[in-house]
Amino acid sequence: MKGTLKFAGAAVLACSVMFCGAAEPVTVRIHDANDNHPVIPREIYGQFAEHLGTCIYGGLWVGPESPIPNEEGYRTDVFEALKALEIPVLRWPGGCFADEYHWMDGIGPREQRPRMVNTNWGGTVEDNSFGTHEFLNLCEKLGCEPYISGNVGSGTPEELAKWVEYMTAEEGPMAKLRKENGREKPWKVKYIGVGNESWGCGGNMRAEYYSDLYRRYSTYCRDYGQNRLYKIASGASDYDFNWTETLMKLVGNRMHGLSLHYYTIADWNNKGSATEFSDETYYSTLGKALEIEPVIRRHKAIMDSYDPDHRVDLMVDEWGTWFDEEPGTVRGYLFQQNTLRDAMVAALTLNVFHRHTDRVKMANIAQVVNVLQAMILTRGEEMVLTPTYHLFYMYRVHQGCEYLPTDCDAGVRKVDHGRTVPEVSVTASRSAEGQIHLSLVNPDLTQNRTLRIETDRLQPREVSGVILTADRISDYNDFGQESKVKNRFFDDFKLRKGVIELELPAKSIVTLTIR
Ligand code: AHR
């Protein structure tokens with residue numbers, strides 16, 4: 001569902017802010033006095049890997065016979081980069097692909113697996129060499145939770161039920177088959193998605209019809225042994241509030257989570273270049289990205305009215321920027337470059353998620369390698385880490401930490417469509433060891449900001465910092481070249497009587513560690 005948001009909340013937001021002059025210092029206060037703050041779920045930093053373009057084949061997986069360095073078929077360079085990112089959860093096999101995927105084609109000896117046409121994405125013929133074992137073993141190696149997206153669009157309840165049994169049962173016919181295929185012990189699988197975008201590529205269903213299908217398919221997704229499934233219903237696309245309302249009414253707490261997809265797209269017919277854009281387009285992109293917050297608020301309000309006890313979570317299991325595919329790449333592969341603008345979108349969006357963890361328990365950026373707002377890009381045996389990768393690396397310190405509320409008296413910039421972008425966006429968390437991590441985002445292309453950072457309780461004695469910035473907002477990391485956009489040491493601050501005074505450069509993101 002595409003469109004724009006029209007509701008009173010946007011106007012309220014725009015009127016309640018003030019502008020601050022360029023030279024005005026900004027005060028940031030961290031409310032760290034209390035001890036009972038909510039935790040930022042690690043799963044907010046989730047990733048998504050679809051059989052789309054070169055995300056799986058060529059990106060994560062090259063096969064054991066490949067000349068590209070690999071370990072048991074997994075690309076070594078990509079694997080190591082992902083390991084460093086401390087991914088909490090990885091969603092697979094789609095996306096739209098999920099509703100045409102028949103898992104039994106992807107088990108057994110690889111050379112005997114049937115081939116298939118990936119009709120959603122470029123009509124590529126795939127050999128099914130990356131299947132259930134390859135995915136779940138990868139998750140084990142990465143130390144992340146797998147999130148299996150099940151086929152409701154073209155599959156049967158029996159097929160989905162057997163997949164769950166195959167993956168998680170100790171004994172029985174499916175466990176026997178799994179053992180014959182070389183895996184003795186069941187895997188631990190927590191997250192199971194019951195369809196994807198069932199309003200669109202997942203079957204073009206009405207919310208009422210899908211609600212009934214959800215009830216039916218999920219009934220046969222059983223808990224085996226110690227494994228406990230967490231079932232996620234296919235949720236709304238951005239502004240489709242009716243979908244959420246209908247599912248809350250008709251499915252209720254038969255689901256553990258309800259998904260939401262929100263992409264930062266300017267216009268479906270004219271998405272714009274990932275690397276060549278005007279200053280105006282840049283601010284417009286941020287405005288659109290930030291509209292995820294009123295969208296989340298409105299889905300939350302609907303959920304609150306049906307579920308005041310918060311038994312159903314909101315899972316933003318697809319989000320990120322969506323620009324034109326890079327010239328010269330295969331149509332339908334959604335391969336786009338990634339600039340400092342993308343990192344800015346990621347930072348601002350993660351700051352939004354941190355504010356809504358009372359309901360938002362998972363988010364999966366689309367996608368992990370070579371597709372849309374990727375962490376990693378590969379070309380043959382070459383690999384680059386994108387600005388978004390560096391942002392996720394910088395922000396990983398917030399995972400699983402106590403969320404600390406903050407105040408920031410910076411104003412906002414008005415952008416197109418009545419949207420706004422904050423002059424400074426901040427988020428803070430406290431680790432189990434008691435150190436505070438404070439992330440500061442200055443989206444302005446030319447203005448540095450002078451910040452005074454105060455805490456309620458902790459008397460800062462020691463501060464260190466990391467910065468992500470570049471000469472130009474359109475800078476990106478390219479194959480065969482020195483990275484232009486990467487994390488660097490930052491120390492442009494002073495600690496005076498417990499207050500941190502800091503100069504936040506234009507178009508930069510900084511994370512401080514405060515002890
Ligand atoms: O992430 C690309 C596609 O976007 C997914 O396959 C689909 O779920 C969404 O429309």
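This is a short tour of a predicted model, stop by stop.

**Stop 1: Arg75**

Select Arg75. Arg75 sits in strand E4, residues 74–75. Is Arg75 buried or exposed? Arg75 is buried, because its relative accessible area is 0%, and the cut-off for buried is under 20%. Now show the side chain of Arg75. One of its polar atoms lies 3.0 Å from the backbone oxygen of Gly58.

Next, display the neighbours. Leaving out residues up to four places away in sequence, Arg75 touches Gly58, Gly59, Leu60, Val62, Ile68, Pro69 and Asn70, among others. The contacts of Arg75 also include Thr378, Gly380, Glu381, Glu382 and Met383.

**Stop 2: helix H4**

Select residues 157–168. This is helix H4, with 12 residues. The reach is 17 Å, close to the 16 Å expected at 1.5 Å a residue.

Colour H4 by accessibility. The helix is mostly covered, with 10 of its 12 residues buried. Those buried residues are Pro157, Glu159, Leu160, Ala161, Trp163, Val164, Glu165, Tyr166, Met167 and Thr168.

**Stop 3: the largest cavity**

The structure holds three cavities of 30 Å³ or more. Go to the largest cavity, which has about 50 Å³ of space. Its lining has 13 residues. Select Arg91, Gly195, Ser234, Ser259 and Asp317 to find the centre, as these are the lining residues closest to it.

Which strand gives the most to this lining? Strand E10 does, with three residues. Highlight E8 (145–150), E10 (230–237) and E11 (257–264) together: each supplies at least two lining residues. Colour the lining by class. Seven of the residues are polar, three are charged and three are nonpolar.

**Stop 4: helix H9**

Move to residues 292–306, helix H9.

Now pick out the buried residues of H9. They are Ile292, Glu293, Pro294, Val295, Ile296, His299, Lys300, Ile302 and Met303. Glu293, His299 and Lys300 are among them.

**Stop 5: backbone details**

Keep one rule in mind here. Most residues other than glycine have a negative phi, and most peptide bonds are trans.

Start at Gly94 and Gly95. The peptide bond between them is cis, with omega near 15 degrees. Gly95 belongs to the loop between E5 and strand E6 (116–118).

Go on to Asn128, in the loop between strand E7 (124–126) and H3. Asn128 is not a glycine, yet its phi is positive, near 60 degrees. Asn128 is buried, with a relative accessible area of 1%.

Finish in the loop between strand E13 (360–366) and strand E14 (376–379), where Gln367 lies. Ala366 and Gln367 are joined by a cis peptide bond, with omega about -10 degrees. Asn370 is found in the loop between E13 and E14 as well. Phi of Asn370 is positive, near 65 degrees. Asn370 is buried, with a relative accessible area of 1%.

How values were computed. Residues are numbered from 1 along each chain as its sequence is written. This is a predicted model: local features need pLDDT of at least 70, side-chain atom pairs count only at pLDDT 80 or more; totals for chains, interfaces and linings use all residues. Side-chain values use heavy atoms; hydrogens and water are left out. Helices (H or I, at least four residues) and strands (E, at least two) are DSSP runs, numbered from the N terminus. Buried means under 20% relative accessible area, exposed over 50%, partly exposed in between (1.4 Å probe, protein chains only). A polar contact is a pair of N or O atoms within 3.5 Å; within protein, one must be able to donate a hydrogen and the other to accept it, and residues adjacent in sequence count only if both atoms are side-chain atoms. Contact means heavy atoms within 4.5 Å. The expected span of a helix is 1.5 Å times one less than its number of residues. On a 1 Å grid over the protein atoms alone, a cavity is a set of points where a 1.4 Å probe fits but cannot get out, and a pocket is an open set with protein on both sides within 12 Å along at least five of seven lines; lining residues have an atom within 4 Å of a point. Grid points are joined across faces, edges and corners, and a volume is the space filled by probe spheres set on the points. Ala, Val, Leu, Ile, Met, Phe, Trp, Tyr, Cys and Pro count as nonpolar, Asp, Glu, Lys and Arg as charged, and the others, Gly among them, as polar.
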